[in-house]
Amino acid sequence: MSKIELTPREKEVLVALVKGLDNKAIAKELNVTHHTIKAHLSSILQKFGCKNRTDTALYAIRHGIIRLPD
C-alpha cells in the first residue's frame, strides 16, 4: 500500500473529524466555510477510499494517520 499524502489543511480537518466535530464546527474552528470543509472531506474520503465520515475516522486511526491521546 502506498503512503497517502494529505495536505496540511486536510490533516487539520481529519483531526477535527476524529474528535467528532461536525462540518459546521470544523469550519468554525478552522475559520473557513462549511463548503470548504465539505470539499476537504470529499478529497480525504476519495484518497482513503472510504464511503462516509465514520469509516474515514476509523481508517485514519487504524492506519496510524491520526493518533488518539492515551
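User: Before we start, what does "buried" mean here?
Analyst: Buried means under 20% relative accessible area. Keep in mind that this is a predicted model.

User: Okay, so is Glu10 buried or exposed?
Analyst: Glu10 has a relative accessible area of 4%. The cut-off for buried is under 20%, so Glu10 is buried.

User: Where is Glu10 found, and what does it touch?
Analyst: Glu10 belongs to helix α1. Leaving out residues up to four places away in sequence, Glu10 touches Glu5, His40, Ser43, Ile44 and Lys47.

User: How do α1 and α3 pack?
Analyst: Their axes are 10 Å apart, at an angle of about 90°. That makes α1 roughly perpendicular to α3. On the α1 side, the contact is made by Arg9, Glu10, Val13, Leu14 and Leu17. On the α3 side there are Ile37, His40, Leu41, Ser43, Ile44, Lys47 and Phe48.

User: What classes of residue are in that contact?
Analyst: The contact of α1 with α3 has seven nonpolar, two polar and three charged residues.

User: Switching to α3 itself, which of its residues are buried?
Analyst: Those are Ile37, His40, Leu41, Ile44, Leu45 and Phe48. Seen down the axis of α3, they fall within an arc of 135°, so they line one face of the helix.

User: Why would that spacing put residues on one side?
Analyst: An α-helix has 3.6 residues a turn, so residues three or four places apart point the same way.

User: What covers the buried residues of α3?
Analyst: The cover includes α1 (8–18), α2 (23–30) and α4 (53–62).

User: And which exposed residues does the face turned away carry?
Analyst: That face of α3 carries His35 and Gln46.

User: What comes just after α3?
Analyst: Gly49, which takes a positive phi of about 75°.

Terms used. Residues numbered from 1 in each chain as written. Predicted model: local features only at pLDDT ≥ 70, side-chain atom pairs only at ≥ 80, totals over all residues. Heavy atoms only, no water. Buried < 20%, exposed > 50% of the residue type's maximum accessible area, 1.4 Å probe, protein only. Helix = DSSP H or I, 4+ residues; strand = E, 2+ residues; numbered from the N terminus. Arc of directions from axis to C-beta. Contact = heavy atoms within 4.5 Å. Axes fitted to C-alpha atoms, helices over the stretch in contact; angles between N-to-C directions. Parallel < 35°, antiparallel > 145°, perpendicular 65-115°, else oblique. Nonpolar A, V, L, I, M, F, W, Y, C, P; charged D, E, K, R; others polar.
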